[in-house]
Every structure is written in structure tokens, then in C-alpha cells.
Amino acid sequence: MSRTSKILLSLMAVITLIQTVWFVSSEMFIPYLTDFFESMRTTNSRLTEVVAIVFGVIVTLFALVMLIIALSSRTSEKDLKLQGGRGKLTIPKKSMEQIVDKSIAENHQVGNIQTKVRVRGNDRIQAQVSVEDISDGNYDVNAKEIQETVQDSIQRHLGMKSHVKVQIIPRKQSSKSLKVI
């Protein structure tokens, strides 16, 4: 989560907590809090109204944005869940990533393999692969071969179609130490 998202969520949490305490203390007696909010309302009634309206608008807009994001974003399952005649089978995301990593390491001269797998629906997997090419060969051809290797491996092991994106980093441009599986 980015720093901006954390700050916005924290701000919304604080505003919501203040609003909740304010509402509850206006409806039932809570020592010190009820007195504090009552004294604010009687001494600064205009300011209190403005603060209430601003807090209400902010919370409402935040809730609407969160609702739109929740309804419009695609769901991405972390684990692959298959159901067959004998029951349910759950394949963890980490296992799928290891299958992809191993198939790449066995068939290509690459290192520092990083794979991210997402399950899209019941019949498709999306994989992003980043590797460092040791051979310093033709990167376009190598990327295409790695893409085909990953697609074949996913089809063979999981029986599903996949969409694969491959990023090849030339060994000369990498600042990481080489890790070969």
C-alpha cells in the first residue's frame, strides 16, 4: 500500500472515529465527552455545524468511492480452486509461482527469476515474469520462448490457459547479485 493511501485511510479512520464518538455522546451520556461536545455546540454553534457538514461530506464521498471501487474492480483470487468429482482442490499461489519458476530455470539460461501469478476466473491464469538473461542473446526471441514455456507448463500442470508477460533484464544492466534456481 502506498504512503498516500495509508495517509488517506488513516485520516478517514480518525474522522470516522471522531464522528462516531460525537454522535454517540450526543445520544447518550458519556462523562466528559458529552459535556465537551455540548459546550462546543452552545459556544460555537456555527463552527460546529460547518465541522459536522464537512465531516459528513468527506465520509460520504469516501464511502461512495470505496463502493465504486469495490463494484467495478475485477476480483483476483490468490489461490486456484478446482472442483472435480472427488472434491475440491486448492492450489496456493506460491505453488503456481514455483511451477513457473522451475519450468523457466530448467529450459532457459536465466537467473533472478521473479514470478507473480494471478487467478482470473475459473479458467485463466495471468503471470508476470521478470528474469535476467545470462546468455546476452536476442531478447525478443528469448522472451517469446520463455512465454511459450510458461504457457505450456501451466497448461500441462494445471490444465488452464494463461496470459503471460515477460520482462528480460540484460545481465549487464542488473545491479542485483545473480540467483540461479
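**Helix packing in the predicted model**

In this predicted model, helix H4 (residues 93–107) packs against helix H5 (residues 139–158) at an angle of about 130 degrees, and their axes lie 9 Å apart. The crossing of H4 past H5 is right-handed.

On the H4 side, the residues in contact are Met96, Ile99, Val100, Ser103, Ile104 and Asn107. Their partners in H5 are Ile146, Thr149, Val150, Ser153, Ile154, His157 and Leu158. By type, the contact of H4 with H5 has 8 nonpolar residues, 5 polar ones and no charged ones.

One of the H5 residues in this contact, Ile154, also touches Ser162. Ser162 is found in strand S5 (residues 161–170). Leaving aside residues up to four places away in sequence, Ser162 touches Ile125, Gln151 and Ile154. The relative accessible area of Ser162 is 15%. The limit for buried is under 20%, so Ser162 counts as buried.

The axes of helix H1 (residues 3–27) and H3 come within 10 Å and cross at roughly 130 degrees. That angle makes H1 oblique to H3. H1 passes H3 in a left-handed crossing.

From H1, the contact with H3 draws on Leu9, Met12, Ile15, Thr16, Ile18, Gln19 and Trp22. From H3, it draws on Thr48, Val51, Ala52, Phe55, Gly56, Ile58, Val59 and Phe62. The residues of this contact of H1 with H3 divide into 11 nonpolar and 4 polar, with no charged residue.

Helix H3 (residues 45–72) also holds both Arg46 and Glu49. These two are 3 residues apart, about one turn of the helix. Their side chains meet in a salt bridge, with a distance of 3.3 Å from N to O. The cut-off for such a pair is 4 Å, and by this rule the count comes to 1 salt bridge.

The two partners fall in separate accessibility classes. Arg46 has 62% relative accessibility, so it counts as exposed. Glu49 has 42% relative accessibility and therefore counts as partly exposed.

How values were computed
Residues are numbered from 1 along each chain as its sequence is written. This is a predicted model: local features need pLDDT of at least 70, side-chain atom pairs count only at pLDDT 80 or more; totals for chains, interfaces and linings use all residues. Side-chain values use heavy atoms; hydrogens and water are left out. Helices (H or I, at least four residues) and strands (E, at least two) are DSSP runs, numbered from the N terminus. Buried means under 20% relative accessible area, exposed over 50%, partly exposed in between (1.4 Å probe, protein chains only). Axes are lines fitted to C-alpha atoms, for helices over the stretch in contact, and angles run from 0 to 180 degrees between N-to-C directions. A crossing is left-handed if the near helix is turned anticlockwise from the far one by less than a right angle, and right-handed if clockwise. Contact means heavy atoms within 4.5 Å. Ala, Val, Leu, Ile, Met, Phe, Trp, Tyr, Cys and Pro count as nonpolar, Asp, Glu, Lys and Arg as charged, and the others, Gly among them, as polar. Angles under 35 degrees count as roughly parallel, over 145 as roughly antiparallel, 65 to 115 as roughly perpendicular and the rest as oblique.
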